[in-house]
Amino acid sequence: MEPNEHNLAEKDELTGANLISGHEYDGIKELDNKLPKWWLWLFYITIIISVIYFVRLHIIKTADTQDEAYAREVEAAVNQYKAVRSASTLDASNVTLLTDAAALSAGKAIFDKSCVVCHLAQGQGLVGPNLTDDYWIHGCKIGDIFNLIIVGVPEKGMISWKDQLTPEQIQQVSSFIVSLKGSNPPNPKAPQGEMCQ
């Protein structure tokens with residue numbers, strides 16, 4: 001039997017129906033196989049879901065369209081950004097000294113993580129100056145310290161911390177540094193700068 005005759009004789013084993021669909025392309029005959037039941041059910045389910053989606057979204061309107069949902073999310077993000085920006089208007093001119101235990105504890109955690117390398121654990125100074133005495137190089141007021149942490153002292157190796165810390169965190173660590181004044185730790189670095197009142 002030649003190949004073409006064999007193809008023409010292909011029949012469904014259960015029904016005996018001819019499987020050749022009548023289409024032929026470049027000598028290749030197309031079989032008329034039935035789709036698997038799981039595929040058909042999946043197709044029917046997607047049709048049902050699309051009808052429910054269309055009715056719910058466009059006729060009953062119980063859900064937002066994509067444009068409405070997008071606009072709502074953008075508005076929420078803008079409001080959140082504005083809230084963060086308004087809360088972060090602290091600068092050297094309006095920063096206040098924090099004295100509550102929670103703020104000083106948060107400031108100590110930041111100091112222990114970021115400042116101990118140069119100023120040592122009790123602020124007595126190593127590479128950086130002693131933070132516990134009455135002599136300060138760049139000013140000893142809360143605004144001076146706040147500004148110093150923001151701009152840094154690159155010529156002496158102190159980086160600007162404005163990209164790593166929020167203004168609130170800088171206020172907390174500045175307040176903690178002010179609280180170190182007069183603590184008299186062991187082995188302090190020699191005084192540097194001018195005496196602060």
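**Figure 1. Asparagine 130 in the loop between helix H5 and strand S3.** In this predicted model, asparagine 130 occupies the loop that runs between helix H5 (116–119) and strand S3 (135–136). The relative accessibility of asparagine 130 is 4%, under the 20% limit, and the residue therefore counts as buried. Its side chain takes part in a polar contact of 2.6 Å with the side chain of threonine 132. A polar atom of the asparagine 130 side chain also lies 3.3 Å from the backbone oxygen of lysine 189. Beyond four places in sequence, the contacts of asparagine 130 are with Gly123, Gln124, Gly125, Tyr135, Pro188, Lys189 and Gln192.

**Figure 2. Leucine 120 and its positive phi.** Leucine 120 is placed in the loop between H5 and S3, where asparagine 130 is also found. The phi angle of leucine 120 is near 65 degrees, a positive value in a residue that is not glycine. Most residues other than glycine have a negative phi. With a relative accessibility of 25%, leucine 120 counts as partly exposed.

**Figure 3. Asparagine 187 in the loop between H7 and strand S4.** Asparagine 187 belongs to the loop that links H7 to strand S4 (194–195). Its phi is near 50 degrees, which is again a positive value in a residue other than glycine. Asparagine 187 has a relative accessibility of 71%, above the 50% limit, and so counts as exposed.

**Figure 4. Glutamine 171 in helix H7.** Glutamine 171 is part of helix H7, which spans residues 167–180. The residue is buried, its relative accessible area being 9%. Leaving out neighbours within four places in sequence, glutamine 171 has contacts with Leu90, Val95, Thr96, Leu98 and Phe146.

**Figure 5. Packing of helices H4 and H7.** Two packed helices are described by the angle between their axes and the distance between the axes. For H4 and H7, the axes come within 7 Å and cross at roughly 95 degrees. Because this angle falls in the range of 65 to 115 degrees, H4 and H7 are roughly perpendicular to each other. On the H4 side, the residues that meet H7 are Ala103, Leu104, Ala106, Gly107, Lys108, Ile110 and Phe111. Their counterparts in H7 are Gln169, Gln172, Val173, Ser175, Phe176, Ile177, Ser179 and Leu180.

Figure 6. The structure holds one salt bridge. The side chains of lysine 108 and aspartate 112 form a salt bridge, with an N to O distance of 2.9 Å. Side chains of opposite charge can pair when their charged atoms come close. Both lysine 108 and aspartate 112 belong to helix H4 (residues 101–114), where they are four residues apart, about one turn of the helix. Lysine 108 is partly exposed, with a relative accessible area of 38%, and aspartate 112 is likewise partly exposed, at 35% relative accessibility. Lysine 108 is also among the H4 residues that meet H7.

**Figure 7. Threonine 46 in helix H2.** Threonine 46 is located in helix H2, which comprises residues 37–59. A polar atom of its side chain lies 2.6 Å from the backbone oxygen of phenylalanine 43. The relative accessible area of threonine 46 is 41%, and the residue is therefore partly exposed.

**Figure 8. The protein chain and the confidence of the model.** The secondary structure of the protein chain comprises seven helices and four strands, which follow the pattern α-β-β-α-α-α-α-β-α-α-β along the sequence. Of the 197 residues in the chain, 21% are buried. Among contacts between residues at least 6 apart in sequence, 56% connect residues at least 24 apart. The mean pLDDT of the chain is 84, and 87% of the residues reach 70 or more. Over residues 1–8, pLDDT stays under 50, and the model has six contacts beyond four places in sequence for this segment. Where pLDDT is low, the predicted coordinates should not be read in detail.

Methods
Residues are numbered from 1 along each chain as its sequence is written. This is a predicted model: local features need pLDDT of at least 70, side-chain atom pairs count only at pLDDT 80 or more; totals for chains, interfaces and linings use all residues. Side-chain values use heavy atoms; hydrogens and water are left out. pLDDT is the predictor's confidence in each residue, from 0 to 100. Contact means heavy atoms within 4.5 Å. Helices (H or I, at least four residues) and strands (E, at least two) are DSSP runs, numbered from the N terminus. Buried means under 20% relative accessible area, exposed over 50%, partly exposed in between (1.4 Å probe, protein chains only). A polar contact is a pair of N or O atoms within 3.5 Å; within protein, one must be able to donate a hydrogen and the other to accept it, and residues adjacent in sequence count only if both atoms are side-chain atoms. A salt bridge is a side-chain nitrogen of Lys or Arg within 4 Å of a carboxyl oxygen of Asp or Glu. Axes are lines fitted to C-alpha atoms, for helices over the stretch in contact, and angles run from 0 to 180 degrees between N-to-C directions. Angles under 35 degrees count as roughly parallel, over 145 as roughly antiparallel, 65 to 115 as roughly perpendicular and the rest as oblique.
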